[in-house]
Amino acid sequence: MPPFAAQQSLFRAYDIRGANQYFTSSFIQALGDAFATLYNTQDSQPSLNINASTSVETKQNVVVIGYDMRIGSEAIARTLSTVIAQQSLRVIQLGLVTTPMMAFWAAQYQGHGIVATASHSAKDILGIKWLVNNKSPSSSEIKTLYHQLTAHHSCHAYPDNQANNPILHSENIDNNYDSKLSIDLLEQLPTHQVASVYIDAIERVFDQLLQHNHSLTEASQRNTHKLDLVIVIDCMHGATGRIAQRLFERFCRHVIFLNDTPDGNFPLGNPDPTEPNRLNELQRAVVLHAADIGLAFDGDGDRLMIVDNNGKIVTPDHLLYLLARIAITEHPNSLSDSLLASEVLFDIKCAHHLPRLLSELGTTPVISKTGSSFMRQQVQHPDNQIVFAGELSGHFIFNDSRFIPYDDAMYAALRLLHWLDQTHNNINDKKPLADIIQSLPTIVSTADHYLPMPQTTTTDCSLVEQLTRFCHYLQHLVDMSTHTDSSSSQQRKNPCLPATTCKSSACTCATAKAQIALKQRHELLPVGTKLSCIDGVRLDFAHGFGVLRQSNTSNSLTARFAGDSIDDLKDIQATFAALCRPFNAALAEQILAIPAE
């Protein structure tokens, strides 16, 4: 068996994550060597100069390393620090931080950083996220790291004293790696400095925004201005609890905190604000305190969900729109023609109203594959025109040069609070959050629902591939029905399009066999239906949308449907069920059974 074969499943589309028993000391040590090799091959890059007072120019590559509140995360971070520092890299230990704070500090140097975190996952899950030159790794780069790790293992033996108790603990961390490493090679930034520099950078953003809005002119007034809102914040015992009070009380007059003590045991449930009923406590607290808004952060602080002043959860589609609106109206070039070519990125699971709403803002809506790392890669592309990016799961990125282009939930929340405070202070347009949401189009939707992956034979292409080919087939039959009979006849002889060729020469997908009456074609894909296959199958109809795609993080399908009304929603679910039935009848019934939120 190849080395670390059991750990291969940890290397996922976005990060390294999985059951804690796989994070053995030998695996972490080998991983540290692989990271050191990766960072040593990078050319020294200048910092992003987000905070000129602390940005450091150095020829030596610097790696910042932090960890979340999970049991085992600190020990993973310390082992990685020790191993990496042995190999001519300068390591700066950040302590307990959010993932966006790691990204912020990485940007002060060459953009290299690691954080031991499993984000919003259950307490028995551990994980690692990292940046190279301020960029998240692609799925292929994550696979390459695994292969480098296994190749290096063959020429280096690692002790594994914790084989029967693989969760590393800080009290015996020094025994986990046989080293004469001098402690001088490891820098530990004081906790107050890690937080203060981050908060100061955000304060400068607020100062810029207040100048931009011409709401205050004197610097002394700007520095003392606090948002006059009542806010309830649920940290869900995650890493944001370490800094949330200090950060939000710096900018807000009235803040009530829930579950702000970091606790890797997660006594109230997983630190995932998108889980059903997970925001019940926050909703009750907003109503009890007559608050203007409720905020919820996930375990590592890169995802945001909100509750309006009536205690109602705001759908992520609406939140994404509001934040995009803020990014556009408060952009430094908002009065310039250069913003006319701006784009807003949203993932394929977002509702059908969003592209139209974004277009009304004067920006170009751009659909993206699901995954915050995919979004970051597109935002960071040098030729992009993206001013904002967001996805249904609560990742939001401001790309306006005011702050680092990273999905930081606390920063996004403060931008929302600042904007909401401005609307409260505007006598001509003073609206509570619930009224603002009420003015947006109604969305009746299902949650982002996980479905078991249907089994196929080894010679078949996947169900998503089959459905993709089938939808292309139907779409072309509908399109060709408006042309001559000869053209339609020719198309029927070759329904499988070159762009959707099966990966298996022995494919048995039903596309080539399908005989669909013209009437049924138009029922399944009415004229004007938009088909997108960049990530599964998405269909946009006149009164709703649906998407079915393969999960990046588990062996399952994810589905979401939305309509203007409950009847529209049910019709769209019925359409997807009819499309899937030729391939898997059980899946069709599961789609019909998904309830509306």
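**View A. The largest nonpolar core of this predicted model holds 82 residues.** The residues with the most contacts inside this core are Tyr 198, Leu 247, Phe 248, Leu 295, Leu 304, Phe 388 and Leu 417. A nonpolar core is a set of buried Ala, Val, Leu, Ile, Met, Phe, Trp, Tyr and Cys residues joined through side-chain atoms within 4.5 Å. Buried means under 20% relative accessible area, exposed means over 50%, and partly exposed lies in between (1.4 Å probe, protein chains only). Apart from this core lies another, of 38 residues, including Ala 30, Ile 114, Ala 116 and Phe 266. Before you zoom in, note that residues are numbered from 1 along each chain as its sequence is written, and that side-chain values use heavy atoms, leaving out hydrogens and water. In this predicted model, local features need pLDDT of at least 70 and side-chain atom pairs count only at pLDDT 80 or more, while totals for chains, interfaces and linings use all residues.

**View B. Here are the neighbours of Tyr 198.** Setting aside residues up to four places away in sequence, Tyr 198 touches Met 101, Phe 104, Ile 243, Leu 247, Phe 403, Asp 408, Met 410 and Tyr 411. Contact means heavy atoms within 4.5 Å. Across the chain, 70% of the contacts with a separation of 6 or more join residues 24 or more positions apart.

**View C. Six strands, E1 to E6, form an open sheet in the order E1-E5-E4-E2-E3-E6.** Its pairing is mixed; two strands pair if DSSP finds at least two bridges between them. Helices (H or I, at least four residues) and strands (E, at least two) are DSSP runs, numbered from the N terminus. At the edges are E1 (16–19) and E6 (186–188), each pairing on one side only. Neighbouring strands of this sheet are turned by 15° against each other on average, direction ignored. Helix H1 (residues 25–40) packs on the sheet, touching E1, E2, E4 and E5, and its direction makes about 10° with that of E5. Helix H2 (residues 73–85) also packs on the sheet, touching E2, E3 (90–96), E4, E5 and E6, with its direction at about 165° to that of E2. Axes are lines fitted to C-alpha atoms, for helices over the stretch in contact, and angles run from 0 to 180 degrees between N-to-C directions.

**View D. Strand E4 (residues 113–116) is covered on both faces.** Gly 113 and Val 115 are buried on one side, and Ile 114 and Ala 116 are buried on the other. With strand E2 (residues 62–67), E4 pairs in the parallel sense over 4 bridges. Look for Tyr 67 opposite Ala 116 and Ile 65 opposite Ile 114. With strand E5 (residues 125–131), E4 pairs in the antiparallel sense, again through 4 bridges. In E5, Leu 131 is the bridge partner of Gly 113.

**View E. A second open sheet has 4 strands in the order E8-E7-E9-E10.** Its pairing is mixed, and the edge strands E8 and E10 each pair on one side only. The twist averages 25° from one strand to the next. E7 and E8 pair in the parallel sense over 6 bridges, and Phe 257 in E8 is the bridge partner of Ile 233. Helix H7 (residues 244–251) lies across E7, E8 and E9, running at about 155° to E8. Helix H8 packs on the sheet as well, touching E7, E8, E9 and E10, and its direction makes about 155° with that of E9.

**View F. Helix H8 (residues 280–288) shows its buried residues.** These are Leu 282, Gln 283, Ala 285 and Val 286. Seen down the axis of H8, they fall within an arc of 165°, so they line one face of the helix; the arc is that of the directions from the helix axis to the C-beta atoms. Their cover includes E7 (227–234), E8 (252–258), E9 (293–297) and E10 (304–307). On the other side of H8, Arg 284, Val 287 and Leu 288 are exposed. Just after the helix, Ala 290 takes a positive phi of about 50°.

**View G. Leu 524 lies in helix H16 (residues 518–524).** Leu 524 is buried, with a relative accessible area of 6%. Leaving aside neighbours within four places in sequence, Leu 524 is in contact with Leu 474, Phe 541, Thr 575, Ala 578 and Leu 579.

View H. Where pLDDT is low, the predicted coordinates should not be read in detail. The mean pLDDT of the chain is 85, and 80% of its residues reach 70 or more.

Note on methods:
pLDDT is the predictor's confidence in each residue, from 0 to 100.
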